[in-house]
Amino acid sequence: MRRPKLRKYLRPRTLLLAGAALLAALAIYVAYLDFTIRTQFEGKRWALPARVYASPLELYPGKKISAAQLSEELAVLNYRHGTLDEPGTYLRDRESIELVSRPFAFWDGAQPALRLAIAFSGKQISKIDNLETGQALPLVRLDPLLIGGIYPAHNEDRVLVKLDEVPPILIKALTAVEDRKFYEHHGVDPRGIARALWTNLRAGDAVQGGSTLTQQLVKNFYLTSDRTLRRKITEAIMALLLDAHYGKDEILEAYINEIYLGQDGNRAIHGFGLAAQYYFDRPLHQLTLSQAALLVGLVKGPSYYDPRRHPDRALTRRNLVLTELADQHAITNAEYLGAKTLPLEVATRAPMGTSPYPAFLALVHRQLRSDYSDTDLRSEGLRIFTTLDPHVQRTAEQALTTRLSTLEKQRRIPANSLEGAIVVTGSENGEVLAVVGGRRSRYEGFNRALDAVRQIGSLIKPAVYLTALSQPDKYTLTTRLDDSPLVWTEPGVKEWAPQNYDREFHGEVELRTALAESYNVSTARLGLALGLPAIIENAHRLGVERNLPPYGSTLLGTIGLTPFEVTQMYQTLASGGFRTPLRAIREVLTPEGAPLKRYSLAVTQAVDPAAVYLTTTALQHVVQSGTATGLGAYLPADINVAGKTGTTDDLRDSWFAGFTGDKLAVVWVGRDDNQTTNLTGAAGALTVWGQMMAQLDPEPLVPAMPESIELVRIDTKTGLRADGGCDGAIEIPYIRGSAPTEPAPCSGHSPVEKIKNWFRRLFER
Amino acid sequence: MKNLCALALLAAVALPGCANFPSPTAEPEALPVTSDNNAVTALAESARQDAAAGRLNAAAANLERALRIEPRNAMLWHELARVNLHQGQPNEAAQFATKSNTFAGDNAALRASNWRLIGQARTQSGDQAGAESAFERAAQFERQR
């Protein structure tokens, strides 16, 4: 019964049908693959990371920078010392520097490469000459430092190049080593496989691979890396299809941009365009024969032949590529011999991963996310110009690491237990110059500058004093405050009896002294008299966005803020009462250099400038004769820094916030586990601030005096109006009409003095 | 007589500003940016050319660049206020003019100019009463010159 059936199946007609079905299935599969490769190849847009640049160094006569400092900056920008033969080179004498700048497309237009002679006098630039035209230039900027990117998935990074930007020798080397018959085969090359086998056997090493460039591209583009036969076959079919649809040049260009060529920390280096920069720090079209040969050699195993980690292997591999080129007469024997003897010439720059300044980059990323989707940031190749000042950033990082280590040693604090964070801004424009997120600033990790919410202690006090000084009829800098014991009760809250840091009470103190010495008791009493709502309102005006609980202890800073938030608060004081949003970004450009968005400077008058002026004067008093006199060890007195120390219970947090004429900086020192540091604000954070600022050569602080302010001579003993008869009287600013009118006993106008004078005159007669 | 003068001045200042807005040439007088630093004056000059050509964004960028060099140059803040006014940003313009005043010292001409600008900004944002009091302040400083 069964036999006829089987026979029925074996009938030629059935077989034919089955074969046809199979062919149809294969055809459908091929059509599917065809569709896949075509849509993907034609729609192929590489996800290009956003590129983030530091602020460019501006050079102009009068700029405070020495020849030594400028050459350090040039070294950071990877300018080569010793020649002037191409962009990115410089020569240095003691008092002058000649350089050829790199061309760069800035936001407001391209600046070509310039040959410059820069003369110095002492610590500043005296003249800049354009060596080609002989003209003196008022201002030039150097190409900005690339400080990282915002990367697509797998942190793939690449610089797209067009085929005509690729040096012909690189293409020759690539085809010679990877795929000799590239221009002849149809996507796969059976003879190539055989030859590769033979060559490799002869050399005893895998010199050539059997896959064509097309196959390698397909593998990178569409397929996972499992090594099954089915995948091999699919790869071959796709390679044939790709070759059938597209020209050799299109395929080659795609290959050159796609291929994986190295790993820089968590950043994957793709394409020859980026590889040229990454390994040789120059554009692809400027590569020499030996450099091109090295890059081609890397295709086979970027990690195994990594020229930085395995220079010997890389050299051997490069020379093998050169031999291959010579064998195929692609280069002359002289060229071969010349290139073979060259060293690797790999740029020595330390690999930077996704960024050397991850804490700053995180801020940039956050500020960008309010305007751009993450997908756009990771794929559109945007060029982002930031406010980072690399010199300030390096100085801040060094100050933090060296000071923390020193403090640990000096004070027998366990090594590496202290952590810290720094934010530095321009005091008038709110541009963020540096962000340090921790001691190990190179590593991405907990960003304390942006994310560590810590109690701010006395850093809140300026909000209390600003509120008081806004009421000139009641409070001036010389108003006497009561620093005697205080017990405060309010419904629902535990009885509160604030203590001073020295556990003593100081009786009657001047208002400015209470702030300078950071007395808690008198500040608390002042704050309670002013009312918490008014103070909290002023804290918000200054820029604190978090909700502040209306409890007495808020007056002494039992509230948590990040160092970045503290910076925003002090920014308003530093810029004379104008709230100035902290900005890390200046401009965003498309990959082609067209302006997309400018983040412009904005200011809003938030608090009375006269009250800010008085508060600033009080903050200068903190540094002159209060808790921050320690700054004198770092900075000359004439800088007139305004600042405030902050220390929290059990010495868990050590803060210093302060500003000069041009810079504002906030430093936090503490432990991640919130245990005691044994450091007050003055013993810890202040020393970091001082060491950092001393190296930044700050401008003196001379706050602009509002019209409503007058200076009045005051006798320090009594706080009354002084005149020439009073020794040691000082000038104190008052809002007009609020200065004491009563003459001091030492002055000629006091009743006592009048009687004394009368007697004096009597006896002199 | 005094009031009449102020009124006349107000009209002279406010009318051309309104009528020709936003042409940057509408303003009666532009005070020169002065500085010992040639970089600052060069940037201010570029900003002026940008503004004249209608490239207001570029003008603002140049002024911000100059302000990075001299953050307390009252003239630069004033120019930035002027550019913002032409950009149709009266609130920003008034703030920059106020900021300029904080650095203006006893430069009455500049203070007058800043108050005029604040007046124009307030007019633009529909605050007529505020504008008039600003023009009044401008007139006061004008008399001090």
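Me: How many aromatic pairs does the structure hold over all chains?

Reply: The model is a predicted one. Counted over all chains, the number of aromatic pairs is 10.

Me: Why is the pair formed by the rings of A:Tyr29 and A:Tyr32 described as stacked?

Reply: A pair of aromatic rings is described by the distance of the centres and the angle of the planes. Planes under 30 degrees apart count as stacked. The ring centres of A:Tyr29 and A:Tyr32 are 6.4 Å apart, and the pair is stacked because the planes meet at 25°.

Me: In which helix do A:Tyr29 and A:Tyr32 both lie?

Reply: A:Tyr29 and A:Tyr32 are 3 residues apart, about one turn of the helix. The helix that holds both is α2 of chain A, residues 12-42.

Me: How much area do chain A and chain B bury between them?

Reply: The contact involves 27 residues of chain A and 27 residues of chain B. Carbon and sulfur atoms account for 54% of the buried area. The area buried between the two chains is about 2,300 Å².

Me: Which residues of chain A lose the most area to chain B?

Reply: Three residues together make up 25% of what the side of chain A buries. They are A:Glu428, A:Arg598 and A:Leu601.

Me: How many salt bridges does the rule find across the interface of chain A and chain B?

Reply: A salt bridge requires the nitrogen and oxygen to lie within 4 Å. B:Glu64 and A:Arg583 form a salt bridge, with their closest N and O atoms 3.8 Å apart. Across the interface of chain A and chain B, the number of salt bridges is 6.

Me: What is the order of the strands in the open sheet of chain A that has 5 strands?

Reply: The pairing in this sheet is mixed. Its edge strands, each pairing on one side only, are β3 (80-81) and β9 (124-130). The order is β3-β4-β5-β8-β9.

Me: Which residue of β4(A) stands opposite A:Arg80?

Reply: β3(A) pairs with β4 (residues 89-92) of chain A in the parallel sense, over 2 bridges. In β4(A), the residue opposite A:Arg80 is A:Thr89.

Me: Which residue in the turn between β20(A) and β21(A) has a positive phi?

Reply: Strands β20 (residues 488-490) and β21 (residues 493-496) of chain A run antiparallel and are joined by 2 bridges. A:Glu490 has A:Val493 as its bridge partner in β21(A). The two strands form a hairpin with 2 residues between them, and the turn residue with a positive phi, about 85°, is A:Gly492.

How values were computed. Residues are numbered from 1 along each chain as its sequence is written. Chains are lettered from A and ligands numbered from 1 in the order in which they are written. This is a predicted model: local features need pLDDT of at least 70, side-chain atom pairs count only at pLDDT 80 or more; totals for chains, interfaces and linings use all residues. Side-chain values use heavy atoms; hydrogens and water are left out. Contact means heavy atoms within 4.5 Å. Buried area is the accessible area (1.4 Å probe) that two parts lose on being put together, summed over both. A salt bridge is a side-chain nitrogen of Lys or Arg within 4 Å of a carboxyl oxygen of Asp or Glu. Two strands pair if DSSP finds at least two bridges between them. Helices (H or I, at least four residues) and strands (E, at least two) are DSSP runs, numbered from the N terminus. Rings of Phe, Tyr and Trp (its six-membered ring) pair if their centres lie within 6.5 Å; planes under 30 degrees apart count as stacked, over 60 as edge-to-face and the rest as tilted.
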